[in-house]
Amino acid sequence: MSWFAALRLFHERRIAVPVGDDDLVLDVGSGDKPSWRADVLLDRFTGAEHGGQRSGRAEVRVSRPLFDADAADMPFADKAFAYAICSNVLEHVTDPVGVAAELSRVAEAGYIEVPEAASAKIVDFPSHLWWCRLEDEPEGPTLVFTAKTAPYHDPEIDAYIERAGVRRELDAVLNKRFEHRVVQYHWTGSVRLRVEGELDPDFAAAAMRAEGHHRTWETVAAQGVTQALTWRTRRRRGTPRIPWDAVVKPELRGRIGQGGQGGQGGYLERRLYRLDEAGTGS
């Protein structure tokens, strides 16, 4: 892939968010690389102990209001967001159907990115739980997730790749046509997703403990390019003030806001929010 084609793909995947300046954007599973355009973040696994689920830093990045919550049970109101980004997350979750339903509930439109099955069967992360495809079905393009039964498609081939020490080289070759390594799914109204097969709980638990493939220098480089390409929009927008009551479920309104106070005048802060069963936060 030429540098121009690579930059164009990067712009399509990471920069081009089709929203206006006043629209609220949610990043689900934001991890250590939240979208530059996200106003609110959500991530269930925020600590360094879950670094295997990420490919950059071990900890999540708290650069905006961040909710520590289950993506299959989000604390947000219906259609609270104009757009939701869920990039390289669904292949890690045990209930992608539930997350898809929640994305459809809390946002009007959005973007999902997952690794494409054929490429992943050559080189994949052991923390991934699903083989992911985008299929044309009568009701429209549909994400189809097939449950994995082992970390790699073929254990014998994976053992050879490890023994020969060619994993990095294979990864580099596949990345030359990165547009074929991922499924890019743009949706409006609702997410169409179905699963095939069932996950083995023991396999899913092992995947959560898998070692990550950290690419810190690539993360830093991507952040630098993003900063350069988005500075005009970020400068124009400033830091939006988002009322707590405007984004959370009705039962959570008036409970937490600026300085820990909810109700009118309470705004989201750049901090981590954890909601307990009573609907209060810390």
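Is Asp68 buried or exposed, at 9% relative accessibility? Asp68 counts as buried. Buried here means under 20% relative accessible area, exposed means over 50%, and partly exposed is in between, with a 1.4 Å probe and protein chains only.

Before we go on, some ground rules. This is a predicted model, where local features need pLDDT of at least 70, side-chain atom pairs count only at pLDDT 80 or more, and totals for chains, interfaces and linings use all residues. Residues are numbered from 1 along each chain as its sequence is written, and side-chain values use heavy atoms, with hydrogens and water left out.

Back to Asp68. Its side chain meets that of Arg44 in a salt bridge, 2.8 Å from N to O. By salt bridge I mean a side-chain nitrogen of Lys or Arg within 4 Å of a carboxyl oxygen of Asp or Glu. Arg44 lies in the loop between β2 (40–42) and β3 (66–68), and Asp68 in strand β3, so the pair ties together parts that are 24 residues apart in sequence. Helices (H or I, at least four residues) and strands (E, at least two) are DSSP runs, numbered from the N terminus.

How many salt bridges does the structure hold? There are 19. One of them joins Arg167 and Glu162, with the closest N and O atoms 2.9 Å apart. Arg167 counts as buried at 14% relative accessibility. Glu162 is exposed, at 51%. Another joins Glu196 and Arg194, at 3.1 Å from N to O. Here Glu196 is partly exposed at 31%, and Arg194 is partly exposed at 31% too.

Next, the strands. Strand β1 spans residues 25–28, and both of its faces are covered. Val25 and Asp27 are on one side, Leu26 and Val28 on the other, and all are buried. In general, side chains in a regular strand alternate between the two faces of the sheet. Two strands count as paired if DSSP finds at least two bridges between them. β1 runs parallel to strand β4 (residues 83–87), joined by three bridges. Val25 has Tyr83 as its bridge partner in β4. β1 also runs parallel to β2, again over three bridges. There, Asp27 stands opposite Leu41.

Now a separate topic: an open sheet of three strands. Its order is β6-β7-β9, and the pairing is mixed. β6 and β9 (193–196) are the edge strands, each pairing on one side only. From one strand to the next, the twist averages 25 degrees. Axes are lines fitted to C-alpha atoms, for helices over the stretch in contact, and angles run from 0 to 180 degrees between N-to-C directions. β6 and β7 are antiparallel, over eight bridges. Arg133 faces Val144 in β7 as its opposite.

Which helix lies across β6, β7 and β9? It is α2 (residues 96–106), running at about 175 degrees to β9. α2 is mostly covered, with nine of its eleven residues buried. Among them are Pro96, Gly98, Val99 and Leu103.

Last, the rings. The structure holds seven aromatic pairs. Rings of Phe, Tyr and Trp (its six-membered ring) pair if their centres lie within 6.5 Å; planes under 30 degrees apart count as stacked, over 60 as edge-to-face, and the rest as tilted. Trp130 and Phe145 have ring centres 6.1 Å apart and planes at 50 degrees, so this pair is tilted. The pair links distant parts of the chain: Trp130 sits in β6 and Phe145 in β7, 15 residues apart. Trp130 is buried at 5% relative accessibility, and Phe145 is buried at 0%.

The next pair is Trp244 and Tyr273, with centres 5.4 Å apart and planes at 50 degrees, so it is tilted as well. Trp244 is in helix α8 (residues 244–247) and Tyr273 in strand β10 (residues 272–274), 29 residues apart. Both are buried. Ring pairs also link these two with Phe67, Phe76 and Phe81 into a cluster.

One more ring, Trp131. The charged end of Lys121 sits over it, 5.6 Å from its centre. The charged end of Lys148 sits over it too, at 4.6 Å. The test is that NZ of Lys or CZ of Arg is within 6 Å of the ring centre and within 35 degrees of the ring normal.

Definitions and conventions: Contact = heavy atoms within 4.5 Å.
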